[in-house]
Amino acid sequence: MTLASAREALTRLATLLALAGGGLLLLAVCVTSASVLRGAFGRPILGDSEIVELALGVAVVFCMPICEMKGAHVLVDFFTQRLPKRGIAGLDAVMRAVAALVVAVLAWRLAIGGYNQWDRERESMFLQLPFWWGYAAAAIGMAAWSLCAAFVALESFVRMRRPA
């Protein structure tokens, strides 16, 4: 598998996750709007905050892999702007590899937290939504983000190794 085909596959995965994240954001907007409208008549939606909380948390994580693949994260290059391209690529490779490692640890901890929530049968107060769903979905999003960050680190490393 070439770097280009791996990039294409990861971008496709990241795009699908981002679309799912967008759907969850849309769900949160609809639930909030409906609850506010019903609240005007004294009948807000029971458990609306539970749905919104779960949807927004997962939506954010689902959108991070596409940010990684497109290089859309905040970049502060004040101190590095005068470095040669190879130096910037090397620094970028190291920082993205560190990010991939940190996000992988977070994915691992979310998976363990999800298992603990499932094992204890924890549910939300009003709708009795199992908490483990959110943990599991977030762990999947974090794992995809970590994979994307590791790939972008590899691309940066290859770019650094190319002769100027």
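In the predicted model described here, the charged end of Arg 109 sits over the ring of Trp 108, 5.0 Å from the centre of that ring, where a charge is taken to sit over a ring if NZ of Lys or CZ of Arg is within 6 Å of the ring centre and within 35 degrees of the ring normal. Residues are numbered from 1 along each chain as its sequence is written, and side-chain values use heavy atoms, with hydrogens and water left out. Because the model is predicted, local features need pLDDT of at least 70 and side-chain atom pairs count only at pLDDT 80 or more, whereas totals for chains, interfaces and linings use all residues.

Aromatic rings were examined next. A pair of aromatic rings is described by the distance of the centres and the angle of the planes. Rings of Phe, Tyr and Trp (its six-membered ring) are paired if their centres lie within 6.5 Å, and planes under 30 degrees apart count as stacked, over 60 as edge-to-face and the rest as tilted. By this rule the count comes to one aromatic pair. The rings of Tyr 115 and Trp 118 have centres 5.7 Å apart and planes at 40°, so the pair is tilted. Both residues belong to helix α3 (residues 85–119), in which Tyr 115 and Trp 118 are three residues apart, about one turn of the helix; helices (H or I, at least four residues) are DSSP runs, numbered from the N terminus. Tyr 115 is partly exposed at 47% relative accessibility, and Trp 118 is likewise partly exposed, with a relative accessible area of 47%, on a scale where buried means under 20% relative accessible area, exposed over 50% and partly exposed in between (1.4 Å probe, protein chains only).

Helix α3 also holds Gly 114, which counts as buried at 7% relative accessibility. With neighbours within four places in sequence left aside, Gly 114 is in contact with Trp 132 and Tyr 135, contact meaning heavy atoms within 4.5 Å. The C-alpha atoms of Gly 114 and Ala 139 are separated by 8.3 Å, although these residues are 25 residues apart along the chain.

The packing of helix α2 (residues 48–70) against helix α4 (residues 132–161) was then considered, and the axes of these helices come within 8 Å and cross at roughly 10°. That crossing makes α2 roughly parallel to α4, since angles under 35 degrees count as roughly parallel, over 145 as roughly antiparallel, 65 to 115 as roughly perpendicular and the rest as oblique. The axes are lines fitted to C-alpha atoms, for helices over the stretch in contact, and the angles run from 0 to 180 degrees between N-to-C directions. On the α2 side the meeting residues include Leu 54, Val 58, Phe 62 and Met 69, and on the α4 side they include Gly 134, Ala 138, Trp 145 and Val 152. By class, this contact has 16 nonpolar, two polar and one charged residues, with Ala, Val, Leu, Ile, Met, Phe, Trp, Tyr, Cys and Pro taken as nonpolar, Asp, Glu, Lys and Arg as charged, and the others, Gly among them, as polar.

Met 69, in helix α2, is buried, with a relative accessible area of 6%. Not counting residues up to four places away in sequence, Met 69 touches Arg 7, Leu 10, Thr 11, Ala 14, Cys 148, Phe 151 and Val 152.

The loop between α2 and α3 contains His 73, which counts as partly exposed at 28% relative accessibility and which, leaving aside neighbours within four places in sequence, is in contact with Met 64, Cys 67, Glu 68 and Trp 145. Thr 80 has its place in the loop between α2 and α3 but counts as buried, at 19% relative accessibility, and touches Ile 88 and Leu 91, not counting residues up to four places away in sequence.

Most residues other than glycine have a negative phi. In the loop between α3 and α4, Glu 121 has a positive phi of about 55° although it is not a glycine, and Glu 121 is exposed, with a relative accessible area of 66%. Gln 128, found in the loop between α3 and α4, has a phi near 55°, a positive value in a residue other than glycine, and is partly exposed, with a relative accessible area of 41%.

Notes
Helix = DSSP H or I, 4+ residues; strand = E, 2+ residues; numbered from the N terminus.
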